[in-house]
Amino acid sequence: MLPTASPSSSAPFHTLTLRHPDGKTTVWVGENALTSVHDQLASWLQGRTVFLVSTPRVLTLHGERLPELRAAAARWVTL
């Protein structure tokens, strides 16, 4: 199960739930959101396709945090 709330006040983040015909998708937003859920997310990504929505600037600034997650996914698509 993926986390749906901040595990501590030192890493505040919010979640959004995107509903779609095949179910729902959780999106984490906020400071340290990815770091806070990294281990659970890597496990959950096994066998899944990831659609990463970003900009070139954001990828330049923060892309170094993604290789381990990219390796865990079955397929990775950057939009």
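Leu 79 touches Phe 51, Leu 52, Val 53 and Ser 54, when residues up to four places away in sequence are not counted, a contact being defined as heavy atoms within 4.5 Å. The structure is a predicted model, in which local features need pLDDT of at least 70 and side-chain atom pairs count only at pLDDT 80 or more, while totals for chains, interfaces and linings use all residues. Residues are numbered from 1 along each chain as its sequence is written, and side-chain values use heavy atoms, with hydrogens and water left out.

Leu 79 is placed in the segment after β4 (75-78), where helices (H or I, at least four residues) and strands (E, at least two) are DSSP runs numbered from the N terminus. Although 28 residues separate Leu 79 from Phe 51 along the chain, their C-alpha atoms are 6.8 Å apart. Leu 79 counts as exposed because its relative accessibility is 58%, given that buried means under 20% relative accessible area, exposed over 50%, and partly exposed in between (1.4 Å probe, protein chains only).

The protein as a whole contains three helices and four strands, which follow the pattern β-β-α-β-α-α-β when read along the sequence. Of its 79 residues, 25% count as buried. Among contacts in the protein with a separation of 6 or more, 48% are accounted for by residues 24 or more positions apart.

In soluble globular proteins, nonpolar side chains tend to be buried together. A nonpolar core is here a set of buried Ala, Val, Leu, Ile, Met, Phe, Trp, Tyr and Cys residues joined through side-chain atoms within 4.5 Å. The largest such core has 14 residues, of which Trp 28, Leu 41, Leu 45, Leu 69 and Trp 76 touch the most other members. At least two residues of this core come from each of α1 (33-45), β3 (49-52) and α3 (67-72), and α1 gives the most, with five residues. Beyond the residues up to four places away in sequence, Leu 45 touches Val 50, Leu 69, Ala 72, Ala 73 and Ala 74.

Helix α1 also holds His 38, which is buried because its relative accessible area is 18%. Apart from neighbours within four places in sequence, His 38 is in contact with Glu 68 and Leu 69. In the loop between β2 and α1 lies Asn 32, which has a positive phi of about 65 degrees although it is not a glycine. Most residues other than glycine have a negative phi. Asn 32 counts as partly exposed, since its relative accessibility is 37%.

The largest pocket is lined by 31 residues, and those nearest its centre are Thr 26, Val 27, Trp 28, Leu 41 and Leu 52. β1 (14-20), β2 (23-29), α1, β3 and α2 (56-62) each supply at least two residues of the lining, the largest share of which, six residues, comes from β2.

Technical notes:
1 Å grid on protein atoms, 1.4 Å probe; cavity = no way out; pocket = protein on both sides within 12 Å on 5 of 7 lines; lining within 4 Å.
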